Amino acid sequence: MFRTRGLLKRTSLTTKTIHTSTNTTTTTNTNSTTVPSSTNTNSTTRGRKASKVPHVCIIGSGPAGFYTAQQILKSHASARVDMYERLPVPFGLVRYGVAPDHPEVKNCINTFTQTASNPRFSFLGNVSVGVDGDSVIPLTQLRSAYHAVVMSYGSSRDRTLNIPGECLPNVVSARRLVGWYNGLPEDTDLDVDLGVESVVVVGQGNVAVDVARILLTPLDALRKTDIPEAVLNRLSESRVRRVTLVGRRGPQHVAFTIKELREMIKLPGCQPHLNPHHYTHLRDIIPGLPRPRKRLLELLAKTGLDPANLNNLATAQRTWSLSFLRSPIQVLANEHQAVTGIKLAINRLEGEPGRERAVTNTETEVMECGLVLRSIGYQGVSIHPSIPFNDNTATIQHIDSRVMGLEGMYVSGWIGTGPVGVILSTMTSGFSTGKAVVADMDSGRLDISEDKPGQDYIRDLLAQKGVRAVSFNEWSTLNRHEETEGARLGKPREKVTSISAMLKLMNH
């Protein structure tokens, strides 16, 4: 899901970016909980007043959270950073979203582990944050215990098609399929039937290509990845032979990157099945495009127009294809509620070049398939009613990482920007947020003169709720176990996919 290429530029720190909308939740200041003061008397001369040790809380342990922590620890000599994660394990989408056959993308974990070794950093896993509950720490309590709270918990909900038949068995979110083959505990028991020959993926982004590639990759190659053994056993029974990626606009609008396209073209035992008529016009468009886009469409046009130059054609047993100018309007099923196909509206493009939009015609077609994967993007969610949340973009409203109307609250990564970009752009977001937090400490915009107890107070609350936080050292114990089991199986690691099993291995 994350990539090292296709970087999307973000607005620089010197430019104010306001993320707002009229369709938002009501903002109310609920930061009224009284907490005991910290006994730590260490002070500095930073800011407009003599200040105590600044305590910063980060919610979420994915790339955005770790890059924010790295920047704060680097830029402030005494700040302490506590990172809260609802799972017992860190790293978010790097662990559970990056394609298992892209291990090089996960190398950033080494940097995150180095950040976690800083004595001013603490990881508290197995802790949920939100509205008060039996095992949940209220956001209001965190705000009272910390000088600054950074929300970096990403986008965890799917965008839906909102069409008839979407709730049928074997209409599955690509996000959940990715979680399933990456060992995400909540997706371990995903109900997906791979005993079908044809699959339709709605969407033409990198995630769509990821799931198509995993479904079409020979099992022997997948056994060398960190896909859990239980999932490999299911994939070994797969009958999938054809995967079609459906997009509502034309080939010039595909959202995947050249790396993903190149991998699909070279996939062993698999060949592209592309209609040459869809690609002839690209040769007129390509010359005026920026270099990255030009290279992508040159390769796409070459693949569509000159298939004789491809390898694997004689031995290919599986195929993949791209379908353009199509919008899903209904998933079809038989009397047993088994998916039989998807009904598509045929679109046309309107608008000036570069700004075309898809307009639906009255003409339709049916594409036969036994599995439909929805891959049209993710959405963020609000974890507390006090947060100014933009319902249209599913992001938290902010100005230059500072949450609107809530002093001491910040955002980092997708929950502030939306699910766009790659790890490099997430790094940019994390660094920008970290710089904003430290700048506010230095200028006095963020009052750090009052003692705050930080995690000491939160651990007392967790104890009252019967929740024990997982430390980074305890995660390291699980990490060693997974790597040892993986080595025995000839793979990087064998992930533990049950939270109860994780906690048991960590001696919880």
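Which helix supplies the largest share of the lining of the largest cavity? The answer is H9, with three residues. The model discussed here is predicted. Its chain has 508 residues, and buried residues make up 54% of them. The secondary structure amounts to 16 helices and 25 strands. Of the contacts in the chain with a separation of 6 or more, 76% are between residues 24 or more positions apart.

**Cavities**

- The largest cavity holds about 60 Å³ of space.
- Its lining consists of Val209, Ala212, Leu245, Phe256, Glu260, Leu261, Met264, Trp320 and Leu322.
- By residue class, that lining has eight nonpolar residues, one charged residue and no polar ones.
- At least two lining residues come from each of helix H6 (206-216), helix H9 (258-265) and strand E15 (318-323).

**Annotated binding site**

- An unreviewed UniProt entry carries the annotation "binding site" for Ala64, Glu85, Leu93, Val129, Trp414, Gly421, Val422 and Ile423.
- From this set, Ala64, Glu85, Leu93, Val129 and Trp414 belong to the lining of the second largest pocket.
- Glu85, one of the annotated residues, is part of strand E5, which spans residues 80-85.
- Glu85 is classed as buried because its relative accessibility is 9%, under the 20% cut-off.
- Leaving aside residues up to four places away in sequence, Glu85 is in contact with Gly60, Ser61, Phe123, Leu124, Gly125, Asn126 and Val127.
- Ile423, also in the annotated set, sits in helix H13, which covers residues 423-443.
- The relative accessible area of Ile423 is 8%, so this residue is buried too.

**Helix H15 and its surroundings**

- Helix H15 runs over residues 472-489 and has 18 residues.
- From the first C-alpha of H15 to the last is 26 Å, close to the 26 Å expected at 1.5 Å a residue.
- The buried residues of H15 are Phe472, Glu474, Trp475, Ser476, Leu478, Asn479, Glu482 and Gly486.
- Several helices are included in what covers these buried residues: H1 (63-75), H2 (92-96), H3 (108-116) and H16 (499-505).
- Strand E6 (121-125) is also included in that cover.

**Arg159**

- Where in the chain is Arg159 found? Arg159 lies in the loop that joins strand E10 (157-158) to strand E11 (171-173).
- Is Arg159 buried or partly exposed? Arg159 counts as partly exposed because its relative accessibility is 28%, a value between the 20% and 50% cut-offs.
- Arg159 and Ser173 are separated by 14 residues in sequence, and their C-alpha atoms are 9.0 Å apart in space.
- With residues up to four places away in sequence not counted, the contacts of Arg159 are Arg374, Ile376, Gly377, Tyr378, Gln379 and Thr393.

Note on methods. Residues numbered from 1 in each chain as written. Predicted model: local features only at pLDDT ≥ 70, side-chain atom pairs only at ≥ 80, totals over all residues. Heavy atoms only, no water. UniProt positions renumbered as here; feature names shortened; annotations may be inferred. 1 Å grid on protein atoms, 1.4 Å probe; cavity = no way out; pocket = protein on both sides within 12 Å on 5 of 7 lines; lining within 4 Å. Helix = DSSP H or I, 4+ residues; strand = E, 2+ residues; numbered from the N terminus. Buried < 20%, exposed > 50% of the residue type's maximum accessible area, 1.4 Å probe, protein only. Contact = heavy atoms within 4.5 Å. Expected span 1.5 Å × (residues − 1). Points joined across faces, edges and corners; volume = space filled by probe spheres on them. Nonpolar A, V, L, I, M, F, W, Y, C, P; charged D, E, K, R; others polar.
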